[in-house]
Amino acid sequence: MDPLSIGGLAIGLGSLAFDVFDHSIKLFRFFSSVVEMPEEFGKCRLQLMIEYNRLLAWGDAVGLVRAAHGSDIATSLGTNANELCAIVARIGRLLEEFRELNNRWKNEATSDPASELAVTGEMAAEIDFSAKVSGLAVIHTEKLEERKKTKRMKRLAAWASKGAATANRAIAHPSRVRWVLADKDAFEVLLVDLHKLIDRIHELMDTYQKRQIQETTAKTYLEMVVLRNDLRDIKDMFQAVVSMMEVTKSSCSTDPDRSETTHETLRDLLLLKEIKCVSDEILSRLHDHAALDVTRSMDDAIKVKKYDNVLFNECFTPNTSGFIANGVDPYRPRGFLNQKGTNHEVWVEWRAAEYQMIGSVEENESIVRTATLAAMLSIEKPRHLLSPTCVGYVDDRRRNHRVGWIYKMPQGSTDQTRLRTLHSMLGNDSCRPTIAERVSLAWRLASSLLYLHTVGWLHKGVHSGNIVFSTECEAVDFGSPIMSGFEYSRPQSNKTTSRNLDPTWDIYRWPSIQNEAPRDANFRKTFDIYSLGLLLLEIAHWQPLHKLMAFQKWPTPSAEYCRIRAWLLDEEDLPPFKNNPVLELQNFIGDKYWAATRRCLVAYGEQGLHVQEGSDQSHPEIGVGIQTVFTELVVEQLKAISV
């Protein structure tokens, strides 16, 4: 075959790939956007959205999402271009056949001229729907409109059924299509076929593209979790993921591990989000009915063991051979917990409980939050969420004004294993990690915070005193940090109440909420991210913040602590330090680390997380925006650093 013919064939395959891909995505959008779908179809609908995102992730990897129509993507499709086009076309045919088989949906679009004028914002409406699926769906919708202007689909007839025009008319007004389908079994069969076909096009990619697909899929899954706050939606989505995992295991996939890990992460995040939603529902009912029995309300959702002071003292035996840092830490004692006759190595994290009137709404809120946190930390979690595993909690608020969470010791611990905080090691050259280890540690902690925020939880105590490592004979595994100090965590929809803060750690908090002022201010994701920026600064320099800032009187409270951010960002004169530790990052650890750290410290605006200071960060779409910027410009930048 002559070069011109080969070139023409490549262009033809590329154009065909665009056509069949865009058509299949349109049909996915059609089924995902119909209204009034019965509750029993909730799992199927969410599973369809997940498959929608998996196809988009593949399309993004081969260049079908962002490129203009007619772009040369034959190289990306590789030697399997014909099979890939055939499979994507088959996906479109399956969706069309299903639509025709169940052709009972009702298009309520009106032909009234005035109504037609009212839909001039059609493109904006489609983008608005796409935003509920994923950011990648928005990008594809925008690019699809651009491609429509340059070239109409000419090759579709050979690959799709004759009913495409009808589907396209319905898709033009997705919010006006009413679901009246009754055959749920047929829907589930369709989903199994779609999952296997999309698995196959993933398998046909090279190693680099597979990794790219996995990373893109993981990001869109996180967006889906952030966007959903309804308990029924969360449960349906969880069942959808479980069904997908069962299909993958039963199929003859040649590369199941990669997608299975991504699905397991989504499943675990949904479990965490479910606990958060249950907690929100209980708290909402508590405010409506102050006499609500919160203990009974939590029985079905909170499975982790609760101890009172007497029972805990009977079951817990202190172990004085291993301690946090260089001495006994009364807030994190080690010991053995006897459960059903078996001793388990554990450590306990104690925190003071504020006095609240017995039986008051405030006390019941605190009870719910304490138990919810224990439940969240007791279940299987994504591997990037570096939290300890909770095996029980102690509610001793009425006798000793304290609460505690009981955590398993890290795997492989012995009687001589010691738990040390990052803060206790900063400045110590004998345990100073390499630059590569410090960068890796920074990335792990940023990833952990990302996953925590994904399920709608805030840490509210991000600092080096809450990062713990297990050590053996002074050897430290910096690849296995534990993010602790979750005692201030609570669903971000709840208002922050006054609390007894150790002034030692006040310097790590956002300036306006230091010294508990204002006491009723809502905590925000950006406040956690700002604290992370200070933590990244400490890790890079391997010095505690108070030394980097040259504070002579720390930890004694001082009014100058609220100026830390302004000094680090060169917004105020007369800083206490000689050389700005943020600017110094560029000299010894590189621009990417510097840029990621500075973005965390800025927090707001275009140089921060692209969010305005007064925005409601608990709003799902704003939350997705923060998460996208944090993922791409902080987490991924740290991961990309090569030392």
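Modeller: Gln 209 has a relative accessible area of 8%, which means that it counts as buried, since the limit for that class is under 20%. The model shown here is a predicted one. Gln 209 belongs to helix α10, which covers residues 207-227. When neighbours within four places in sequence are set aside, the contacts of Gln 209 are with Ala 61, Val 62 and Ser 76.

Leaving out neighbours within four places in sequence, Ile 25 contacts Tyr 52, Leu 55, Leu 56 and His 140. Between the C-alpha atoms of Ile 25 and Gly 59 there are 9.9 Å in space, although 34 residues separate the two in sequence.

Some figures for the whole chain give these residues their setting. The protein chain has 643 residues, of which 55% count as buried. Its secondary structure comprises 24 helices and 14 strands. Among contacts with a separation of 6 or more, 75% are between residues 24 or more positions apart.

The sheet can be described strand by strand. Six strands make up an open sheet with mixed pairing, and their order is β3-β7-β8-β6-β5-β4. At its edges are β3 (306-307) and β4, each of which pairs on one side only. Helix α15, residues 361-378, packs on this sheet and touches β7 (390-396) and β8. The direction of α15 makes an angle of about 165° with that of β7.

On its way to the next strand, β5 forms a hairpin with β6, with two residues between them. Lys 340, in that turn, has a positive phi of about 55°. Strand β6 spans residues 342-352, and six bridges pair it with β5 in the antiparallel sense.

Strand β8, residues 402-408, runs antiparallel to β6, and seven bridges join the two. Val 348 faces Ile 406 of β8 in the sense of standing opposite to it. Another residue of β8 is Val 403. Its relative accessibility is 6%, so Val 403 is counted as buried. Beyond residues up to four places away in sequence, Val 403 touches Glu 349, Trp 350, Arg 351, Ala 353, Thr 370, Val 394, Asp 395 and Arg 397. The C-alpha atom of Val 403 is separated by 9.5 Å from that of Asp 308, a residue 95 positions away along the chain.

Because 15 of its 20 residues are buried, α18 is largely enclosed by the rest of the structure. After α18 comes Gly 456, with a positive phi near 85°.

His 459 is found in the loop between β10 (457-458) and β11 (467-472). With 1% relative accessibility, His 459 is another residue counted as buried. A polar atom of the His 459 side chain lies 3.4 Å from the backbone nitrogen of Val 462.

Helix α19 (residues 525-541) and helix α23 (residues 591-602) have axes that come within 7 Å and cross at roughly 145°. The crossing in which α19 passes α23 is left-handed. On the α19 side, the residues that meet α23 include Ile 529, Leu 532, Gly 533, Leu 536 and Leu 537. On the α23 side, Tyr 593, Thr 597, Cys 600 and Leu 601 take part.

Methods: Residues numbered from 1 in each chain as written. Predicted model: local features only at pLDDT ≥ 70, side-chain atom pairs only at ≥ 80, totals over all residues. Heavy atoms only, no water. Buried < 20%, exposed > 50% of the residue type's maximum accessible area, 1.4 Å probe, protein only. Helix = DSSP H or I, 4+ residues; strand = E, 2+ residues; numbered from the N terminus. Polar contact = N/O pair within 3.5 Å; in protein donor to acceptor, adjacent residues only side chain to side chain. Pairing = 2+ DSSP bridges. Axes fitted to C-alpha atoms, helices over the stretch in contact; angles between N-to-C directions. Left-handed = near helix turned anticlockwise from the far one by under 90°. Contact = heavy atoms within 4.5 Å.
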